[in-house]
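I opened my notebook to look a few things up in this structure. Here are my entries, in the order I made them.

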Amino acid sequence: MRNRPFPTFLLPALLAGLLLIMSAALALVPPAHAATAASTVDDVAQALRKNPVYVDPAAAGQLSRSQADALAKKIKDADKPVFVAVLPQSPAFPAQSVLRTLRTDTGITGVYAVRLGDGFNAGADPQVMSEQAVRNLTAAVKAPGAAPDASAQLNAFTDRALEQARAMPRSPGAEAPRPATARPPPD
């Protein structure tokens, strides 16, 4: 049996082909951080300009895609300026300012509901809903036994907000909403 030498002139072509195949395979694999990358308030605001419901990837366990789509459809069908964000409890979303910052960065007059971790808060521009109405709606969905999960809580709030919100042209520039729990300082 004769040993034939390996044709060395084929080696560069084989290595180049192998490298090409490996590069193509890696290009198809998303980066590991893509699914868990933390959003910023600005990311959420940009998303809310396009769709009235935003669910952060890190909070996706609270509201499924189909639940979020159904909620968004309900809001769009009512043609009222109601916005819902489901966010994880994290330093990227400070509880004391996330609602106000989100409204300011979105730039659209409306009612804003934020589910932050297991917490809930809402605010509205006064042209759309009074501060007292927002407080009442927020208290109703936060009452013990009122809404056992995120979907039930957000749907209950949205249903009531859609009934009470005044339709507004969706234009930027209105004053940021105050959280339902905030009260202006006495003069």
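**Entry 1: a tyrosine to start with**

Is Y112 buried or exposed? I looked up its relative accessible area and found 0%, so Y112 is buried. A reminder to myself: this is a predicted model.

**Entry 2: the ring partner**

I then went through the aromatic rings, and the count came to 2 aromatic pairs. One of them joins F83 and Y112, with ring centres 4.9 Å apart. The planes of F83 and Y112 stand at 20°, and the cut-off for stacking is under 30 degrees, so I noted the pair as stacked. I wrote down both values because a pair of aromatic rings is described by the distance of the centres and the angle of the planes.

Where do F83 and Y112 sit in the chain? F83 belongs to strand β2 (residues 82-87) and Y112 to strand β3 (residues 111-116). They are 29 residues apart, and the pair links distant parts of the chain. F83 has a relative accessibility of 1%, so I put F83 down as buried too.

**Entry 3: the chain as a whole**

I stepped back for an overview. I found 6 helices and 5 strands in the chain. Going along the sequence, I read the pattern as α-α-β-α-β-α-β-β-α-α-β. The chain has 187 residues, and 37% of them count as buried. I also checked contacts with a separation of 6 or more: residues 24 or more positions apart account for 69% of them.

**Entry 4: α2 against α4**

Next came helix packing. Two packed helices are described by the angle between their axes and the distance between the axes. For helix α2 (residues 41-50) and helix α4 (residues 98-106), I found that the axes come within 8 Å and cross at roughly 50°. That angle makes α2 and α4 oblique to each other. The crossing of α2 and α4 is right-handed.

Which residues make this contact? From α2 I listed V41, D42, V44, A45, L48 and R49. From α4 I listed V98, T101, L102, D105 and T106. Sorted by class, the contact of α2 with α4 has 6 nonpolar, 2 polar and 3 charged residues.

**Entry 5: two residues of α2**

A45 lies in helix α2 and is buried, with a relative accessible area of 0%. Leaving aside neighbours within four places in sequence, I found A45 in contact with L102, D105 and T106. A45 and D105 are 60 residues apart in sequence, yet their C-alpha atoms are 5.7 Å apart in space.

L48, also in helix α2, is buried at a relative accessible area of 2%. Which residues does L48 touch beyond its neighbours within four places in sequence? My list for L48 reads V53, Y54, F83, V84, L102, T106 and Y112. That list brings me back to the stacked rings of F83 and Y112. I also noted V82: its C-alpha atom is separated by 9.9 Å from that of L48, 34 residues away along the chain.

**Entry 6: α3 against α6**

How do helix α3 (residues 65-78) and helix α6 (residues 150-164) lie? Their axes come within 11 Å and cross at roughly 0°, so α3 and α6 are roughly parallel to each other. The α3 side of the contact consists of Q67, L71, K74, I75 and A78. The α6 side consists of S151, L154, N155, T158, D159 and L162. By class, I noted 5 nonpolar, 4 polar and 2 charged residues for the contact of α3 with α6.

I followed K74, which lies in helix α3. K74 has a relative accessible area of 27%, so K74 is partly exposed. Apart from neighbours within four places in sequence, K74 is in contact with N155, T158, D159 and L162.

**Entry 7: a positive phi**

My last stop was D79, in the loop between α3 and β2. D79 is not a glycine, but I found a positive phi of about 55° there. Is D79 buried or exposed? With a relative accessibility of 57%, D79 counts as exposed.

Terms used:
Residues are numbered from 1 along each chain as its sequence is written. This is a predicted model: local features need pLDDT of at least 70, side-chain atom pairs count only at pLDDT 80 or more; totals for chains, interfaces and linings use all residues. Side-chain values use heavy atoms; hydrogens and water are left out. Axes are lines fitted to C-alpha atoms, for helices over the stretch in contact, and angles run from 0 to 180 degrees between N-to-C directions. Helices (H or I, at least four residues) and strands (E, at least two) are DSSP runs, numbered from the N terminus. Angles under 35 degrees count as roughly parallel, over 145 as roughly antiparallel, 65 to 115 as roughly perpendicular and the rest as oblique. Contact means heavy atoms within 4.5 Å. Ala, Val, Leu, Ile, Met, Phe, Trp, Tyr, Cys and Pro count as nonpolar, Asp, Glu, Lys and Arg as charged, and the others, Gly among them, as polar. A crossing is left-handed if the near helix is turned anticlockwise from the far one by less than a right angle, and right-handed if clockwise. Rings of Phe, Tyr and Trp (its six-membered ring) pair if their centres lie within 6.5 Å; planes under 30 degrees apart count as stacked, over 60 as edge-to-face and the rest as tilted. Buried means under 20% relative accessible area, exposed over 50%, partly exposed in between (1.4 Å probe, protein chains only).
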